[in-house]
Amino acid sequence: MLATETKVKPIDCYHYIDGQYVPSKNGKTFENVNPATEEVLGVVSEGGKEEVDLAIKAARKAIKGEWRKMPLRKRSAILRKIGDLILERKDELAMLETLDTGKPLWLSTNVDIDRAAYNFHFFADYMISVGNEAYQQDDIAIHYSVSRPVGVVGLINPWNLPLLLMTWKLAPALAAGNTVVMKPSEVTPMTATVLAQICTDAGVPDGVVNMVHGFGETGAAITSHPDVDAIAFTGETVTGSAIMKAAAPTLKKLSFELGGKNPNIIFADANMEDVIETTLRSSFMNQGEVCLCGSRIYVERSIYNEFLEKFVAKTKELKVGDPLDPNTNVGALVSKEHYNKVLSYLELAPQEGGTFLTGGKPLEGSEKGYFVEPTIITGLGRNSRCVREEIFGPVVTVLPFDTEEEVLEQVNDTHYGLSASLWTGDLKRAHRVAGQIEAGMIWINTWFLRDLRTPFGGMKHSGIGREGGAHSFDFYTELSNITIKL
Ligand SMILES: NC(=O)C1=CN([C@@H]2O[C@H](COP(=O)(O)OP(=O)(O)OC[C@H]3O[C@@H](n4cnc5c(N)ncnc54)[C@H](O)[C@@H]3O)[C@@H](O)[C@H]2O)C=CC1
Ligand SMILES: O=C(O)/C=C/C=C(\O)C(=O)O
């Protein structure tokens with residue numbers, strides 16, 4: 001531990017199959033490392049084809065069981081209970097999340113774990129309020145639709161918001177009556193391991209929630225398995241592409257939330273104080289490891305210098321370091337591999353003509369842990385790799401622009417299309433520009449303001465489909481239309 005000792009002990013992570021924690025049959029494990037200290041937190045069972053088969057078999061059996069037939073109100077009450085139990089175990093879960101990810105403990109507590117509970121509370125309410133379509137066609141016929149669960153769903157997740165993203169998929173999947181096999185990231189396995197037990201404690205029948213730990217090969221064994229009906233995935237764009245290929249022979253339903261290189265567009269008439277405060281969050285929250293972070297910042301030329309002066313000054317005030325210290329703003333990057341990836345872009349930036357206004361290097365004086373100083377780069381060309389590629393760390397590029405047309409052209413000149421944040425005091429311009437940005441989610445004069453009913457997801461190489469409210473239900477259900485001739 002660094003500054004603060006903790007009573008919560010890290011856990012070894014086992015698979016969860018048919019309501020039981022189980023090790024791998026062949027005893028294979030790998031180490032789980034705390035990215036802030038480089039200490040080994042524990043071991044994780046590494047699942048192979050055998051564990052994936054067992055988990056899918058349990059889920060397949062359970063799909064015929066009581067879960068999907070359970071009265072809606074009872075299933076909803078179980079979802080609510082899962083949310084309650086997450087909140088009851090909030091301190092423990094927050095600490096495990098921080099030990100696994102390196103993010104500040106206050107962030108795990110107030111964002112990740114709160115939202116994980118809310119994902120269940122939201123869908124517990126949502127599931128009892130939705131109905132299906134019905135149409136009367138003159139005096140000829142009545143058409144109505146009935147829904148059923150998709151079946152066995154594979155939920156595959158990354159390491160940046162481990163419990164938040166797992167529950168974002170698990171809650172609607174369960175609400176719709178499916179059974180699941182979860183595959184958390186190999187880098188952050190602890191909170192999903194606890195979540196599996198919480199589901200059982202809340203009354204979810206055995207076999208409905210299963211989990212297999214492991215690397216990409218374990219995920220691939222799920223995505224290619226003939227007895228899995230659908231895959232919901234969040235992670236890298238190239239992984240999404242590999243999953244699509246693996247899922248093709250068995251024509252699985254797919255939901256993808258992939259990478260991004262999101263623009264912040266700041267016009268001269270925006271409220272500078274709000275701009276600076278929010279840009280600080282959209283750049284460096286969670287060490288920049290949020291798919292929605294705005295890492296390409298475009299500023300209208302007349303306020304470019306003023307923006308940079310204020311933004312750099314505030315960035316320099318950010319405290320980087322011990323995730324357990326309540327004053328820390330930016331913690332450790334999630335793993336050595338990811339740290340090296342981010343550092344490789346910091347090496348590249350000057351070669352591409354960039355200048356660091358702050359940061360640009362590992363945290364000074366830090367001997368252990370994967371800490372990188374929040375970094376602002378200017379002077380890069382629009383085609384430089386640092387401007388075009390997803391770095392997924394505390395690194396932003398800032399470029400000036402002169403006209404609306406010019407900035408829109410640059411903003412849309414990318415394969416990604418996840419989110420954007422647009423800043424202006426002119427309402428007409430706000431609507432006009434927002435309507436032309438090729439992204440799934442656009443915030444005006446704010447960032448990461450969420451309502452779980454809204455469509456969440458990306459276009460182009462940033463994803464397929466949308467999550468949230470009715471959109472999640474669309475994915476996790478199959479519809480049959482029934483027509484009665486009058
Ligand atoms: N936009 C987003 O939401 C996120 C994007 N990323 C991006 O991805 C990069 C790497 O992060 P990772 O977690 O390693 O992402 P990843 O896409 O490699 O892994 C995400 C999950 O997919 C699994 N997986 C990997 N290969 C697979 C395969 N062939 N078939 C099935 N499952 C597979 C992994 O084990 C993990 O559970 C980051 O540097 C960042 O650029 C990471 C996290 C979130
Ligand atoms: O659902 C949310 O509010 C946030 C989701 C964030 C991601 O999907 C991500 O960072 O990968």
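Predicted model: local features only at pLDDT ≥ 70, side-chain atom pairs only at ≥ 80, totals over all residues.
The domain assignment divides the protein chain into domain 1 (3-258 + 461-485) and domain 2 (263-452). Taken over C-alpha atoms, the centres of the two domains are separated by 30 Å. Contact between them involves 27 residues of domain 1 and 25 residues of domain 2. On the side of domain 1 that touches domain 2, α4 (90-101) and α5 (105-127) each supply at least two residues. The largest share of this side comes from α5, which provides four residues. By class, the residues of the side of domain 1 that touches domain 2 comprise 11 nonpolar, 13 polar and three charged. In the UniProt record, an unreviewed entry, residues 22-481 are listed for "domain: Aldehyde dehydrogenase". This span is 42% helix and 20% strand, and the C-alpha atoms at its ends lie 42 Å apart.

Ligand 1 has 28 residues around it, of which Pro158, Gly216, Gly219, Gly235 and Cys291 come nearest. Two or more residues of this shell are given by each of the elements α8 (216-223), α9 (237-247) and α12 (336-351). With four residues, α8 gives the most to the shell around ligand 1. The shell is made up of 10 nonpolar, 12 polar and six charged residues. Ligand 1 lies between domain 1 and domain 2, because both domains give residues to its shell.

The residues around ligand 2 are Asn160, Leu161, Leu165, Trp168, Thr234, Glu257, Val290, Cys291, Leu292, Arg450 and Phe456. In this shell, seven residues are nonpolar, two are polar and two are charged. Both domain 1 and domain 2 give residues to the shell around ligand 2, and this ligand therefore lies between them. Cys291 is listed among the residues that come nearest to ligand 1, and Cys291 is also among the residues around ligand 2.

Glu257, one of the residues around ligand 2, is listed by UniProt under "active site" in an unreviewed entry. Glutamate 257 is located in strand β11. This residue counts as buried because 27 C-beta neighbours lie inside 10 Å, where the cut-off for a buried residue is 20 or more. When neighbours within four places in sequence are left aside, glutamate 257 is in contact with Thr234, Cys291, Gly457, Gly458, Gly463 and Glu467.

An α-helix has 3.6 residues a turn, so residues three or four places apart point the same way. In α9, the buried residues are Thr239, Gly240, Ile243 and Ala247. Seen down the axis of α9, these residues fall within an arc of 105°, and they therefore line one face of the helix. Val238 and Lys245, on the other side of α9, are exposed. The buried residues of α9 pack against α8, β10 and β11.

In helix α16 (residues 469-476), Ser472, Phe475 and Tyr476 are buried. These residues lie on the same side of α16 because they cover an arc of only 90° around the axis. The packing partners of the buried residues of α16 are β6 (141-149), β7 (152-156), α6 (162-175), β10 (230-234), β11 (253-257) and β20 (477-485).

The backbone angle phi was examined in two loop residues. Aspartate 138 is not a glycine, yet it has a positive phi of about 45°. Aspartate 138 is situated in the loop between β5 (134-137) and β6. This residue is exposed, since 6 other C-beta atoms lie within 10 Å and the cut-off for an exposed residue is 12 or fewer. Lysine 460, likewise a residue other than glycine, has a positive phi near 55°. Lysine 460 lies in the loop between β18 (441-444) and β19 (463-464). With 17 other C-beta atoms within 10 Å, lysine 460 is partly exposed.

Key. Residues numbered from 1 in each chain as written. Chains lettered and ligands numbered in written order. Arc of directions from axis to C-beta. Contact = placed C-beta atoms within 7 Å. Near = placed C-beta within 6 Å. Nonpolar A, V, L, I, M, F, W, Y, C, P; charged D, E, K, R; others polar. Domains from an automatic or database assignment. UniProt positions renumbered as here; feature names shortened; annotations may be inferred.
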